[in-house]
Amino acid sequence: MNNNVQEELEDFRNPRDSYVNSWLAVPLKTKGNIIGLIALDGKSKNQFTEHHAELAVTFANQVAIALENASLFYGLHTELEARKDLIAELEAKNAEAETLRESTAIVAATLEKTEAIERILEQLERVVPYNSASVQLLQGGALEIVGGRGLPIEENPIGLKFTIDKNEPSYPVLQGDEPYKLYEDVQLYVPEFNDPPHNRIHAWLAVPLKVKGNIIGIIALDGYSVDQFSERHAQLAVTYANQVAITLENARLFSVLQVELAARKNLIAELESKNAELERFTYTVSHDLKSPLFTIRGFLGYLEKDALSGNQERLQSDIQRITDATEKMQTLLNELLELSRIGRLMNESQPVSFRELADEVLELVHGHIMERGITVYVQSGLSTVFGDRQRLAEVLQNLIDNATKFMGNQKEPRIEIGQRGEEDGKPVFYVKDNGIGIQPEHHERIFGLFNKLDTKSDGTGIGLSIVKRIIEVHGGRIWVQSEVGKGSTFFFTLPTNPEV
């Protein structure tokens with residue numbers, strides 16, 4: 001307190017404060033801490049007494065309490081508002097997290113691409129207010145719509161493609177230059193959106209689909225109102241795009257797995273077939289090789305008796321029978337060895353003109369054909385195939401030899417080599433004759449080992465087995481159509497490219 005402040009304090013002598021003569025200052029205290037003061041000015045000297053000072057101190061204490069309460073109230077109010085904002089934010093994040101969790105569950109629960117995309121986009125609509133959405137994948141130099149939600153059915157947009165160039169609105173995203181592309185009104189920037197049917201769209205958002213860091217396409221969200229999407233919506237859409245990308249990758253892996261399983265099933269079936277063939281092979285070898293061995297053993301006994309008795313004529317006959325049996329056994333073993341080599345010791349595959357191959361084989365068997373007076377017709381325009389030229393020549397030679405051998409008493413014998421249609425993308429070739437034909441019950445049996453329909457004919461009956469093996473090693477198949485007395489037609493398929 002100072003009752004003559006101008007005499008003691010120079011600052012009160014300036015014109016602004018010259019009216020102040022008495023001055024009283026009391027502290028404002030809160031919890032023992034001085035937070036300020038109350039200053040009282042008096043125009044007269046000795047205007048304030050000690051009693052005034054004591055009253056001012058008491059009043060100052062009340063003012064300090066009031067200020068503290070006001071400060072606490074303001075702080076509490078601010079904290080409550082902050083908590084409300086936090087609660088609202090947490091609720092929004094909780095909704096987003098729950099939606100994302102459901103989307104993740106969808107990814108784990110389904111491997112069907114279209115269904116998963118539909119369901120995830122349905123979840124995305126709960127947090128990003130779009131009107132329609134599409135999933136577009138990179139296919140060469142274009143984006144192709146492979147799925148969506150809310151798209152006009154009458155437009156049938158699935159399969160629709162958009163060329164990728166600098167005019168494509170998602171171009172910066174596809175180039176990896178921007179994490180997403182958001183247009184508040186795309187019609188102002190992309191002229192195509194001013195024309196039907198796209199002119200219903202104003203807000204437009206594109207986010208990338210990434211698999212292992214590589215962009216495989218986009219999710220495009222359409223809004224019918226200007227400024228329908230925010231930056232927060234874009235960030236959420238990026239998160240959901242990751243889920244869609246995972247779904248697409250899972251679907252792709254599932255498809256690959258299905259293909260691999262199918263291939264394994266085919267391999268198992270093939271191995272079972274080979275095993276059955278091996279069993280037949282083992283039986284045939286044991287059965288057909290026994291006959292020459294029995295002949296040899298039997299005539300060795302006769303040989304000894306004839307030698308002791310001096311019967312030279314029978315001795316020579318026994319020796320000849322033993323020789324014939326050993327030659328037959330040698331032939332059987334050689335042909336079995338030849339059959340076992342097919343598929344293991346093949347020559348390098350190459351493009352082969354089937355017409356040139358037919359002419360080459362016909363030159364080899366020309367003698368037999370001329371001897372029997374057979375007319376041979378080769379169709380023009382035969383395809384070029386891909387395979388082992390030497391083995392394919394064996395196929396034709398065996399089939400032509402068989403046709404020649406079983407022509408019967410046909411007065412006008414004829415063999416035709418040609419091509420008719422396709423099977424599984426491979427041309428179907430045929431060798432047709434007008435010979436004796438084959439009974440239906442033998443159409444499959446003739447391709448077995450040593451299965452001779454005419455036991456008096458030349459050969460061991462292994463020829464068609466070799467033909468069948470060569471065709472199958474090349475990825476084709478062979479079958480016969482025949483009617484007794486009207487000839488036979490052997491059909492077979494061969495690849496035209498090295499992919500088979």
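What follows is a working chat about a predicted model.

Colleague: Before we start, what kind of model is this, and how are residues numbered?
Modeller: It is a predicted model, in which local features need pLDDT of at least 70, side-chain atom pairs count only at pLDDT 80 or more, and totals for chains, interfaces and linings use all residues. Residues are numbered from 1 along each chain as its sequence is written, and side-chain values use heavy atoms, with hydrogens and water left out.

Colleague: What is the mean pLDDT of the protein?
Modeller: The mean is 78, and 78% of the residues reach 70 or more. pLDDT is the predictor's confidence in each residue, from 0 to 100.

Colleague: Which elements have the lowest and highest mean pLDDT?
Modeller: Helix 1 (residues 5-8) has the lowest, 54, and strand 13 the highest, 95. Helices (H or I, at least four residues) and strands (E, at least two) are DSSP runs, numbered from the N terminus.

Colleague: Where is the pLDDT below 50?
Modeller: Over residues 106-111, a stretch that has 14 contacts in the model beyond near neighbours in sequence. Contact means heavy atoms within 4.5 Å. Where pLDDT is low, the predicted coordinates should not be read in detail.

Colleague: Rings next. How many aromatic pairs are there?
Modeller: The structure holds 8. Rings of Phe, Tyr and Trp (its six-membered ring) pair if their centres lie within 6.5 Å; planes under 30 degrees apart count as stacked, over 60 as edge-to-face and the rest as tilted.

Colleague: Why is the pair of Phe-354 and Phe-429 stacked?
Modeller: Because the ring centres are 4.0 Å apart and the planes are at 20°. Phe-354 lies in helix 8 (residues 354-364) and Phe-429 in strand 13 (residues 426-433), so the pair ties together parts that are 75 residues apart in sequence.

Colleague: Are those two buried or exposed?
Modeller: Phe-354 and Phe-429 are both buried, meaning under 20% relative accessible area, with exposed over 50% and partly exposed in between (1.4 Å probe, protein chains only).

Colleague: Which aromatic pair does Phe-354 form with Phe-492?
Modeller: A tilted one, 6.1 Å centre to centre with 45° between the planes. Phe-492 lies in strand 15 (residues 488-493), so this pair ties helix 8 to a part 138 residues apart in sequence. Phe-492 counts as buried, at 1% relative accessibility.

Colleague: Which charged side chains sit over rings?
Modeller: Among them, Arg-420 has its charged end over the ring of Tyr-430, 4.9 Å from the centre, and Arg-477 lies over the face of Trp-479, at 3.8 Å from the ring centre. The test is NZ of Lys or CZ of Arg within 6 Å of the ring centre and within 35 degrees of the ring normal.

Colleague: Changing topic, where is Ser-170?
Modeller: Ser-170 is in the loop between strand 5 (161-163) and helix 4 (171-174). Ser-170 is buried, with a relative accessible area of 0%.

Colleague: What does the Ser-170 side chain make a polar contact with?
Modeller: With the side chain of Glu-168, at 2.7 Å. A polar contact is a pair of N or O atoms within 3.5 Å; within protein, one must be able to donate a hydrogen and the other to accept it, and residues adjacent in sequence count only if both atoms are side-chain atoms.

Colleague: And helix 11, how many residues are buried?
Modeller: In helix 11 (residues 463-473), 8 of the 11 residues are buried, so the helix is largely enclosed by the rest of the structure. The buried ones include Leu-464, Ile-466 and Arg-469. Just after helix 11, Gly-475 takes a positive phi of about 90°.
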